[in-house]
Amino acid sequence: MVDSRIPAYREAAVVMKNGHFRVEIPIEADDEVGQLGKALVDLGHALETKFDEVKRLCEITEKMNAGLLLDDVLNHVFDSLRSIVPYDRIGLSLLEEEGKMVRARWARSDAPELKIEAGYEAPLQGSSLQRIIETGQPRILNDLEDYLREHPDSDSTSRIVEEGMRSSLTCPLVAMGKAIGFIFFSSMKSDTYRDVHIELFLQIAGQLAMIVEKSRLYEQLVDLNELKNKFLGIAAHDLRSPISVIKGYVGLFLRGYLGDLSESHKKVLKDMNKACETMLNLIDDLLDVSAIESGRLGLEMREVDIAEYLRESHTSNNPLAEAKSIGLKLVLEAPLPKVAMDPDRVNQVISNLISNAIKFSYPKTAITVRAKGAPDKVEISVSDQGQGIPKEDLPKLFTEFSRTGVRPTAGEKSTGLGLAIVKRIVEAHGGRIWVESEVGAGSVFTFTLPLGQAQPAK
């Protein structure tokens with residue numbers, strides 16, 4: 001006769017297989033079947049604990065992978081792993097100088113004072129850490145004071161004991177088959193790591209090793225980008241002076257200060273003058289890009305009567321439109337409030353949008369600058385009756401050195417930087433910019449400037 005408890009145990013096993021580990025099963029007598037029931041309940045509790053542990057580790061790993069800056073990732077590790085592994089301190093050291101030195105990169109501790117901080121270093125050769133690298137296996141020290149008595153010359157152990165730690169677990173960090181450093185878990189209690197599952201620590205170390213490499217590469221890219229911006233700034237600044245000098249002398253020749261010129265000479269000098277202007281515009285754009293990307297775009301904010309400001313901008317840009325037989329219209333939808341902005345930088349935005357509209361428009365068409373107010377912003381648009389922009393080219397418009405399939409109608413030159421700079425300037429003011437376009441009908445570039453009090457320059 002089959003024990004009535006067996007079907008219930010079988011049903012409980014199926015339930016646990018489907019991910020529900022808390023099961024109610026009859027145990028009753030303390031016989032062999034009852035012992036099986038108790039074992040099944042214990043298994044359910046163990047599986048639930050392991051499942052929660054894995055789930056929690058996956059959540060932590062996902063957040064770790066989302067980070068780019070190493071310090072942010074490590075601080076998240078320190079704040080999040082306590083529910084899975086025990087520690088009062090976590091430290092991370094990296095192999096430097098072609099693997100010859102171990103240098104502390106980061107540490108956090110519950111102790112009042114860190115005794116091993118970022119920058120602390122020691123040779124790898126001959127150290128106890130060398131064995132960890134060679135074997136790829138963690139090291140557990142459950143009594144740091146006893147270890148220090150046996151190794152009195154260990155400066156790092158002396159420091160960590162002075163900090164208050166009494167046991168430690170050290171895991172190697174290996175990324176793409178190469179050792180890159182160590183992660184140290186330490187506790188203020190002895191024997192903390194006597195019964196821990198080493199596999200869990202190795203899993204954490206493996207995930208962290210890849211994240212460390214990603215973060216280091218990202219930081220290197222940031223450094224290289226800063227170096228690039230610095231180089232661009234220096235190169236552009238140094239180029240500006242000699243080109244300005246050349247342009248100045250060309251102007252003297254053209255104005256007749258250095259003698260009479262033939263028409264052929266004047267034509268050559270005019271071409272030289274135009275080339276200098278193109279180069280100076282490119283240099284100014286490069287200087288702006290360098291300033292923006294390095295965070296040095298200072299805004300001189302002040303309150304401006306936007307209606308009067310746009311009238312002046314219309315007057316200054318009108319000759320460019322007239323030279324190409326294009327009408328430049330200004331439409332102001334009253335009332336327009338005062339706006340906190342940097343007049344010079346916003347002038348760059350408007351002038352760039354108007355000059356682009358002129359470049360890509362045909363003679364005998366019209367360009368309209370329109371401004372209207374809203375409760376929290378002013379909206380300014382520049383619309384043309386030009387060629388329009390193909391849909392596939394729209395995403396390229398606001399990126400550096402972008403080129404579209406549309407060409408200026410009179411062969412005008414472009415650096416490919418203007419709209420990228422315009423976007424950065426608008427966003428620096430807290431606004432946004434977008435474009436609507438239809439091939440054969442024209443384009444409308446619109447940007448917003450938020451209302452508010454003028455802020456001091458950054």
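Predicted model: local features only at pLDDT ≥ 70, side-chain atom pairs only at ≥ 80, totals over all residues.
Strand β2 (residues 101-109) pairs with β3 in the antiparallel sense, over three bridges; two strands count as paired if DSSP finds at least two bridges between them. Strands here are DSSP runs of E with at least two residues, helices are runs of H or I with at least four, and both are numbered from the N terminus. Within this pair, Arg103 stands opposite Glu121 in β3.

Residues are numbered from 1 along each chain as its sequence is written, and side-chain values use heavy atoms, with hydrogens and water left out.

The pair β2 and β3 belongs to an open, antiparallel sheet of six strands, ordered β3-β2-β1-β6-β5-β4. At its edges are β3 (121-123) and β4 (139-141), each pairing on one side only. Neighbouring strands of this sheet are turned by 20 degrees against each other on average, direction ignored; axes are lines fitted to C-alpha atoms, for helices over the stretch in contact, and angles run from 0 to 180 degrees between N-to-C directions. Helix α4 (residues 128-135) packs on this sheet, and its direction makes about 120 degrees with that of β6 (178-187). Among the strands that α4 touches are β1 (89-96) and β5 (167-175), where contact means heavy atoms within 4.5 Å.

I turn to the other sheet. Five strands form an open sheet with mixed pairing, in the order β8-β10-β11-β13-β12. Its edge strands are β8 (327-333) and β12 (433-438), and the twist averages 15 degrees from one strand to the next. Strand β10 (residues 366-373) pairs with β11 in the antiparallel sense over seven bridges, and Val369 has Val382 in β11 as its bridge partner.

Which helix lies across β8, β10 and β11? That is α9 (residues 306-322), running at about 170 degrees to β8. Helix α10 (residues 343-359) also packs on the sheet, touching β8, β10, β11, β12 and β13 (442-450), and makes about 175 degrees with the direction of β13.

Pro408 lies between β11 (377-384) and α11 (418-428). Leaving aside neighbours within four places in sequence, Pro408 is in contact with Lys359 and Phe360.

Finally, the chain as a whole contains 11 helices and 13 strands. Of contacts between residues at least 6 apart in sequence, 66% join residues at least 24 apart.
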